[in-house]
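Subject: Structure for your records

Dear colleague,

Please find the structure below, followed by some notes on what turned up when I went through it.

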Amino acid sequence: MKEVIRGILKSNELRSTHSRSEILGLFLDSGYALSNAEIEKEISEEHDRVTVYRTLRTFVDKGIIHKVLDDSGTPRYALCSDECQDTDHNHEHIHFKCVSCGLTTCLEEIKIPQISLPKGYKANEVNILMQGVCKNCQKN
Ligand SMILES: [Zn+2]
Ligand SMILES: [Zn+2]
Ligand SMILES: [Zn+2]
């Protein structure tokens, strides 16, 4: 795990700081999208809000994580696939929010279909959120 974290930071030319390693570790561990507040709760108290905020912004800029919008209005973040480099995020997948456990996950293998816009509109970002019951909750 430590090696993986160091590898990701290094390949993105980021110095390995305690807060970066800890936050990146959380993303690698969780498998679902995390909000600022959730991250603050999980990491050591020595890292304040500003550090968390800055670290997340750096990770987004480097193409390590991407923003996930769900219906809570709170931005969440999830790990990017390898295709993302720097600010050039390349996401065509949908996000799934489970109404039972409340977790939002990336469905990397479900691609967003091509959407044609009316004349005069130009999209910068597409976020598709599907809601339902996730596979972990179906089992019970
Ligand atoms: Zn990305
Ligand atoms: Zn669930
Ligand atoms: Zn995603």
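Donors are here the N, O and S atoms within 2.8 Å of the metal (3.2 Å for Na, K and Ca), and since water is not among the atoms, sites may look incomplete. This is a predicted model, in which local features need pLDDT of at least 70 and side-chain atom pairs count only at pLDDT 80 or more, while totals for chains, interfaces and linings use all residues. Residues are numbered from 1 along each chain as its sequence is written, chains are lettered from A and ligands numbered from 1 in the order in which they are written, and side-chain values use heavy atoms, with hydrogens and water left out.

The zinc ion (ligand 2) is held at 2.3 Å by the SG atoms of Cys98, Cys101, Cys134 and Cys137, and along the chain these donors have the spacing C-x2-C-x32-C-x2-C. The arrangement is tetrahedral because the four donor atoms subtend angles of 102 to 116° (four donors count as tetrahedral if all angles lie between 85 and 135 degrees). Cys134, with a relative accessible area of 14%, is buried (under 20% relative accessible area, with a 1.4 Å probe and protein chains only), and Cys137 is likewise buried at 17%.

Conventions. Four donors count as tetrahedral if all angles lie between 85 and 135 degrees; four count as square planar and six as octahedral if opposite donors are over 155 degrees apart and all others between 65 and 115; anything else is irregular. Buried means under 20% relative accessible area, exposed over 50%, partly exposed in between (1.4 Å probe, protein chains only).
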